Amino acid sequence: MDPIWIEMYQAAKAVQNGRELSDYVSAGGVSAAVLSASGKIYVGVCVDTCSTLGICAERNALFHMITNGEQEIKKVLAIMPNGKLGAPCGACRELMVQLMPNHYQAIEVLMDLETAEITTLGELTPKWWI
C-alpha cells in the first residue's frame with residue numbers, strides 16, 4: 001500500500017474529534033482526507049445539524065481543496081465514528097463526479113486500512129448520469 005494512505009489517515013484522524021457544538025449541531029463524528037493532484041492533503045469533518053445545513057466530511061475536505069485553488073482529486077478516505085473507513089455517500093460521490101466528469105473513474109478510495117482494500121470511484125459509481 002502506498003504510504004500516502006497512512007499519511008492521509010493520520011491527517012484525518014487528527015481532526016476527527018467528535019463533539020457537540022450546541023443542542024443543534026455536532027461535528028467531527030466522521031473525518032476525511034483528500035489527496036489532490038499537487039500532492040497536498042486536505043482534511044475535513046462532518047458537521048451535522050438538526051436541519052439540512054450540515055456537510056459531510058468528504059465534501060468539507062473537497063471544499064478546502066477548492067478554496068486553495070485545486071480541483072483534481074487523486075485519493076479519498078473517510079473515517080467513520082467507530083474508527084473504520086467507509087465509502088463516500090452519494091452526495092460526496094456526486095460532487096467528485098461533477099468536479100472531474102471525464103476522469104472521476106480513476107479516483108482511488110481506501111475502503112479498509114487493515115486489509116489495504118482500495119476501490120475506485122468508477123467502481124462505486126458505475127454508469128453515472130454524467
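By class, the residues that line the largest pocket comprise 6 nonpolar, 3 polar and 2 charged ones; here Ala, Val, Leu, Ile, Met, Phe, Trp, Tyr, Cys and Pro count as nonpolar, Asp, Glu, Lys and Arg as charged, and the others, Gly among them, as polar. The model is predicted, so local features need pLDDT of at least 70 and side-chain atom pairs count only at pLDDT 80 or more, while totals for chains, interfaces and linings use all residues. Residues are numbered from 1 along each chain as its sequence is written, and side-chain values use heavy atoms, with hydrogens and water left out.

The lining of this pocket consists of Gln71, Glu72, Ile73, Lys74, Leu99, Met100, Pro101, Asn102, His103, Ala106 and Ile107. On a 1 Å grid over the protein atoms alone, a pocket is an open set of points where a 1.4 Å probe fits, with protein on both sides within 12 Å along at least five of seven lines, and lining residues have an atom within 4 Å of a point. The space in the largest pocket comes to about 170 Å³, a volume being the space filled by probe spheres set on the points, which are joined across faces, edges and corners.

Helices (H or I, at least four residues) and strands (E, at least two) are DSSP runs, numbered from the N terminus. In soluble globular proteins, nonpolar side chains tend to be buried together.

Within H2, the buried residues are Ala57, Glu58, Asn60, Ala61, Leu62 and Met65. Strands E2, E3 (41–49) and E4 are among the elements that cover them, as is H3. After H2 comes Gly69, with a positive phi near 90°.

Helix H3 (residues 90–99) holds Leu95, which counts as buried because its relative accessible area is 19%. Leaving aside residues up to four places away in sequence, Leu95 touches Arg59, Leu62 and Phe63, where contact means heavy atoms within 4.5 Å. With the same exclusion, Met96 touches Leu62, Ile73, Val76, Pro88, Tyr104, Ile107 and Leu121.

Ser36 belongs to strand E2 (residues 25–36) and is buried, because its relative accessibility is 1%. Its side chain makes a polar contact of 3.0 Å with the side chain of Ser38; a polar contact is a pair of N or O atoms within 3.5 Å, and within protein one must be able to donate a hydrogen and the other to accept it, with residues adjacent in sequence counting only if both atoms are side-chain atoms.

Finally, two loop residues deserve a look. Asn17 has a positive phi of about 40° although it is not a glycine; Asn17 sits between helix H1 (4–15) and strand E1 (19–20) and is exposed, at 52% relative accessible area. Ala116, also not a glycine, has a positive phi of about 60°. The loop between strands E5 (108–112) and E6 (117–120) contains Ala116, which is partly exposed at 34%.

Methods
Buried means under 20% relative accessible area, exposed over 50%, partly exposed in between (1.4 Å probe, protein chains only).
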